[in-house]
Amino acid sequence: MSDLDKAAAAVRTLAGAPADPFPAYAQLRDAAPVFFDDSMDMYLISRYEDCHRALSSPDVRVPDHAWHDRIMPGWQEHPAAVWCFTSLPFEGHSSHARIRRLVNRAFTRRRVESLVPAIQQVVAGLLDTLEEHGADNAVVDLQDVVGFRLPVAVIASLVGVPDTDLPRFRWVFGDILRVMDLVVDDSTLARANAAMVEVRDYFTELLRYRRDHPADDLASGLLAACDEEGDRLTEEELLSLVILLFTAGFETTTLTIGTGTSALLADRDQYDLLRNDPSLVAGAVSEALRWDCALHRVIRVTDQPVQIGDVAVPGGSVIAPLLGAANRDPQVFEDPDRFDIRRSGPRPLTFGGGAYVCLGNALAQTELEVYFAELSRRFPHMELADEPERRCGYVRGLDTLPVTLGRPAVNPAARAGSDLSCPHLTAQHIG
């Protein structure tokens, strides 16, 4: 079999959204690291350095509406697709820079740093709840008790969503993001559209309330940016942006909690390393982000001819940097299929790169560091209990993570922690 045939076979495997895509990534990376796939009319890029270049090159842009018309005819008739394909990650360079500049006025470092004590308090409270549910070594779903509730509580406080409304968001954004899969059937599209209508209605009402009752939250700050004279957010930009910040603020962090915890527990040596040396927590988070990122690919378009690896990519070509493949590139990460919290080297490409790097990456890393440090301290004997339910497709991760706690460590200080409704993270309820 020729290298091109091997690459084509790997792409066919990946198109089926396998639970373990990494062997196919390795085959594609070895056979044709910059591979043009006729069926998708795009170049798939699987090496770290090539993906990094594609993400940071000024000659590469996000896809425009014409491209979306071609891959999903009639997409503008579907609310979920409209939001996904027109939100901030798909804005052109000038519009993206303008909106991001306005967001930065409200999404300040001070506001993020002010959440750190609350994050610590919420983690302690949720781990208390985990201990209660896992009493007598009962099996407990860590994703349900902690994985979802921690990031959604933090981003809800930041954006201004009342904690009483949080349970309704457990699955809706996962349904919406399925429109980004390579293959979308009618029933999946219908669920995505219904979820998007629900989300738009909710956040429209939230913004209406916050305009009349401003608070110290991101929604109120963005409303101020929308209402001020001069450069401003339109009403539609504001609504789309608030939904994006809320979605991105918990969905990917939730999934990283699951995949990272599972990887740590699958290798007791790594879990014990972290428990015995909390200074390794930053490395544990970096490795969790590298190991199996929530978003394994992004789509870009070349404005003019670009040299990527050994391939001259013509202008106007669609390229797909495969972040999941780049993060396992053996030319960059030694023994890349081994989970190692002491790993050194460049940062994984999980948060993207260039002008479109994830806006909330610092907040996500802070949450994950607090969580992993406290989890390993509180539950030194935690073990995986059963096979988790895995989500495959454009957004990857674990929807469930059954664990047993064993004998938790004595931890009187944690008993003083709060639950999900701690005052630091409770927004004024919408009247």
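**Cores, helix packing and strand pairing in a predicted model**

The largest nonpolar core has 97 residues. Within this core, the residues with the most contacts are Leu130, Val161, Phe173, Phe203, Phe246 and Met382. The structure is a predicted model. Helix H14 supplies the largest share of the core, with 14 residues. A second core is separate and has 19 residues. Its members include Ile45, Cys51, Cys293 and Val306.

Neighbours within four places in sequence are left aside here. Met382 is then in contact with Leu130, Leu142, Leu265, Arg268, Tyr271, Leu375, Val403, Thr404 and Leu405. One of these partners, Leu130, is itself listed with Met382 among the core residues with the most contacts.

Helix H14 spans residues 235–266. Ser240 lies in this helix. The relative accessible area of Ser240 is 11%. Ser240 is therefore buried, as the limit is under 20%. With neighbours within four places in sequence set aside, Ser240 is in contact with Trp83 and Ser87.

H14 also packs against helix H18. Two packed helices are described by the angle between their axes and the distance between the axes. For H14 and H18, the angle is about 35 degrees. Their axes are 11 Å apart. H14 passes H18 in a right-handed crossing. On the H14 side, the residues that meet H18 are Gly249, Thr253, Thr256, Ile257, Gly260, Thr261 and Leu264. On the H18 side, they are Ala364, Glu367, Leu368, Tyr371, Phe372 and Leu375. Leu375 is also one of the contacts of Met382.

Helix H16 covers residues 281–291. This helix is mostly covered, with 8 of its 11 residues buried. The buried residues are Val281, Ala284, Val285, Glu287, Ala288, Leu289, Arg290 and Trp291. They pack against four helices, namely H2 (22–31), H14 (235–266), H15 (268–276) and H18 (361–378).

Strand S1 (residues 34–37) is joined to S2 by 4 bridges, and the two run antiparallel. Phe36 stands opposite Tyr43 in S2. The hairpin of S1 and S2 has 4 residues between the strands. In this hairpin, Asp41 takes a positive phi near 55 degrees. Strand S2 (residues 42–45) is joined to S8 by 3 bridges, and this pair runs parallel. Tyr43 stands opposite Ile319 in S8. Ile45 stands opposite Pro321. Strand S5 (residues 300–302) is joined to S8 by 2 bridges, in an antiparallel arrangement. Ile319 in S8 is the bridge partner of Arg300.

Both faces of S2 are covered. Met42 and Leu44 lie on one side, Tyr43 and Ile45 on the other, and all are buried. Strand S8 (residues 318–321) has buried residues pointing both ways. Val318 and Ala320 point one way, and Ile319 and Pro321 the other.

Elsewhere, an open sheet of 3 strands has the order S4-S12-S9, with antiparallel pairing. Strands S4 (140–141) and S9 (383–384) stand at the edges. Each has a single partner strand, so one side of each is left without a neighbour in the sheet. S4 is joined to S12 (residues 402–404) by 2 bridges. In this antiparallel pair, Val140 stands opposite Val403 of S12. Val403 is also in contact with Met382.

The count of disulfides comes to 0. A disulfide would need two cysteine sulfur atoms within 2.5 Å. For Cys84, the closest cysteine sulfur is in Cys358, at 15 Å, so the pair is too far apart for a bond. Cys392 is in no disulfide either, as its nearest cysteine sulfur, that of Cys293, is 13 Å away. The two residues also have contrasting surroundings. Cys84 is buried, with a relative accessible area of 4%. Cys392 is partly exposed, with a relative accessible area of 22%.

Notes:
Residues are numbered from 1 along each chain as its sequence is written. This is a predicted model: local features need pLDDT of at least 70, side-chain atom pairs count only at pLDDT 80 or more; totals for chains, interfaces and linings use all residues. Side-chain values use heavy atoms; hydrogens and water are left out. Buried means under 20% relative accessible area, exposed over 50%, partly exposed in between (1.4 Å probe, protein chains only). Contact means heavy atoms within 4.5 Å. Two strands pair if DSSP finds at least two bridges between them. A nonpolar core is a set of buried Ala, Val, Leu, Ile, Met, Phe, Trp, Tyr and Cys residues joined through side-chain atoms within 4.5 Å. Axes are lines fitted to C-alpha atoms, for helices over the stretch in contact, and angles run from 0 to 180 degrees between N-to-C directions. A crossing is left-handed if the near helix is turned anticlockwise from the far one by less than a right angle, and right-handed if clockwise.
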